[in-house]
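Hi everyone, thanks for coming along. Let me put the structure up on the screen, and then I'll walk you through it.

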Amino acid sequence: MKTVGLTFDLKTDYAFKKDDPPDANAEFDHPSTIQVIASAIQACGFKVKKIGNASSLLEKIGSLDVDIVFNISEGLTGRNRESQVPILLEMAGIPFVGADALTLSLTLDKIMAKKIFIAENIPTPKFFELKSPEALANTNHFKFPLIVKPRFEGSSKGLSENSRVENREDLKKQVEFVINTYKQPALVEQFISGQEFTVAVIGNDPPQALPIVQIKIDGRLKLEDKFYTFARIQSDRLEYICPAHINADLRKRIMELALKTYDAVECRDFGRVDFRVDSEGNPYVLEINPLPSLSTEDVFLLVAKEIGITYEQIIGRILDSALKRYNLE
Ligand SMILES: Nc1ncnc2c1ncn2[C@@H]1O[C@H](COP(=O)(O)OP(=O)(O)O)[C@@H](O)[C@H]1O
Ligand SMILES: [Mg+2]
């Protein structure tokens with residue numbers, strides 16, 4: 001029987017520092033999610049060894065005795081945080097599930113990822129970067145509304161009702177907030193009204209796009225100015241709908257773009273691509289998550305149900321894709 005190591009960051013392991021924002025540990029998992037994933041791996045016929053975060057891995061790396069690691073660790077800070085576990089595993093020659101360090105760093109940094117999208121003709125909202133609020137004085141040629149996000153975060157960190165801005169004064173305030181609170185540049189993007197979708201992708205050679213999931217906020221699919229904020233995730237005002245309410249043309253276009261994005265950044269085994277679609281039906285890729293949440297509250301359970309398989313089976317398929325890559329089946 002093969003043994004699968006599990007690397008992860010727990011919400012409960014995070015020690016809040018003095019000037020941390022309330023969403024500082026938003027990317028980390030609940031102990032219950034780790035348990036659900038561990039049970040799913042066991043149900044697929046493997047032994048599970050819980051390893052913990054990058055520091056625990058570093059301590060134990062000489063004596064792990066696992067065949068492969070299922071990594072869902074997000075790391076602590078910086079744009080390379082998601083790569084910390086993968087790079088240690090790569091150094092030690094231990095196979096692992098999911099994208100490698102290069103892909104994880106490249107995609108956590110939304111600006112680097114957008115540069116790749118542009119080079120590959122993948123539509124993404126127009127943007128500029130501000131490294132300081134003062135730099136705004138030299139920036140012109142943009143149209144409101146805009147959205148201000150931290151350059152390298154996930155899980156809607158740094159996003160609140162104030163993130164969508166309609167004038168220079170509010171833009172400057174929000175850029176100041178992002179830079180000071182998250183200690184990183186602000187990504188300023190054209191705000192796309194309309195609808196929102198997310199597409200889970202699994203496997204390799206070729207990967208498979210799973211049914212499109214649509215985002216409903218405050219009971220509405222026509223989102224207009226509404227978007228995904230940290231506060232909304234905490235509340236029940238956000239729902240995932242699958243199958244999505246869209247026509248066949250748009251469905252096809254979004255599925256194609258999801259796969260093209262997955263390939264463009266060399267995602268492996270699993271990932272999730274986020275989209276906004278404007279009122280004219282033009283899709284834009286916001287970002288790709290090579291380490292999307294596998295929590296049963298998130299989209300993977302929903303799409304598994306939609307294609308008639310269980311949560312355990314979808315975890316099994318992700319793990320099998322990785323084992324196959326390493327010829328370990
Ligand atoms: N350009 C945009 N136009 C409209 N809404 C956006 C835009 N960028 C982000 N959003 C909203 O903010 C949410 C989070 O943004 P995203 O880029 O996916 O970052 P992350 O999920 O890593 O926090 C999206 O799901 C969407 O609701
Ligand atoms: Mg997102």
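I'll talk about a helix, some rings, the cysteines and a few backbone details.

A word on the ground rules: this is a predicted model, so local features need pLDDT of at least 70, side-chain atom pairs count only at pLDDT 80 or more, and totals for chains, interfaces and linings use all residues. Residues are numbered from 1 along each chain as its sequence is written, chains are lettered from A and ligands numbered from 1 in the order in which they are written, and side-chain values use heavy atoms, with hydrogens and water left out.

Let's begin with helix H1, residues 31–43. Helices here are DSSP runs of H or I with at least four residues, strands are runs of E with at least two, and both are numbered from the N terminus. The expected span of a helix is 1.5 Å times one less than its number of residues. For the 13 residues of H1 that gives 18 Å, and the end C-alpha atoms are 18 Å apart, which agrees.

Which residues of H1 are buried? They are Thr33, Ile34, Ile37, Ala38, Ala40 and Ile41, where buried means under 20% relative accessible area, exposed over 50%, and partly exposed in between, using a 1.4 Å probe and protein chains only. Looking down the axis of H1, these buried residues fall within an arc of 160 degrees, so they line one face of the helix; the arc is taken from the directions from the helix axis to the C-beta atoms. Their cover includes strands E1 (3–7), E2 (47–52) and E3 (68–71), along with helix H10 (311–325). After H1 comes glycine 45, with a positive phi near 95 degrees.

Now the rings. Rings of Phe, Tyr and Trp (its six-membered ring) pair if their centres lie within 6.5 Å; planes under 30 degrees apart are stacked, over 60 edge-to-face, and the rest tilted. By this rule there are six aromatic pairs. In one of them, phenylalanine 270 and phenylalanine 300 have ring centres 6.3 Å apart and planes at 70 degrees, so the pair is edge-to-face. This pair links distant parts of the chain, 30 residues apart: phenylalanine 270 is in strand E13 (residues 270–277) and phenylalanine 300 in helix H9 (residues 299–306). Phenylalanine 270 is buried at 0% relative accessibility, and phenylalanine 300 is buried with a relative accessible area of 0%. Together with Phe70, they form one aromatic cluster.

Finally, the backbone. Most residues other than glycine have a negative phi, and most peptide bonds are trans. Here, the bond from cysteine 242 to proline 243 is cis, with omega near 5 degrees, and the bond from aspartate 205 to proline 206 is cis too, with omega near -5 degrees. Histidine 141 has a positive phi, near 60 degrees, and is exposed at 86%. Aspartate 269 also has a positive phi, near 70 degrees, but aspartate 269 is buried at 0%.

Terms used: Contact = heavy atoms within 4.5 Å.
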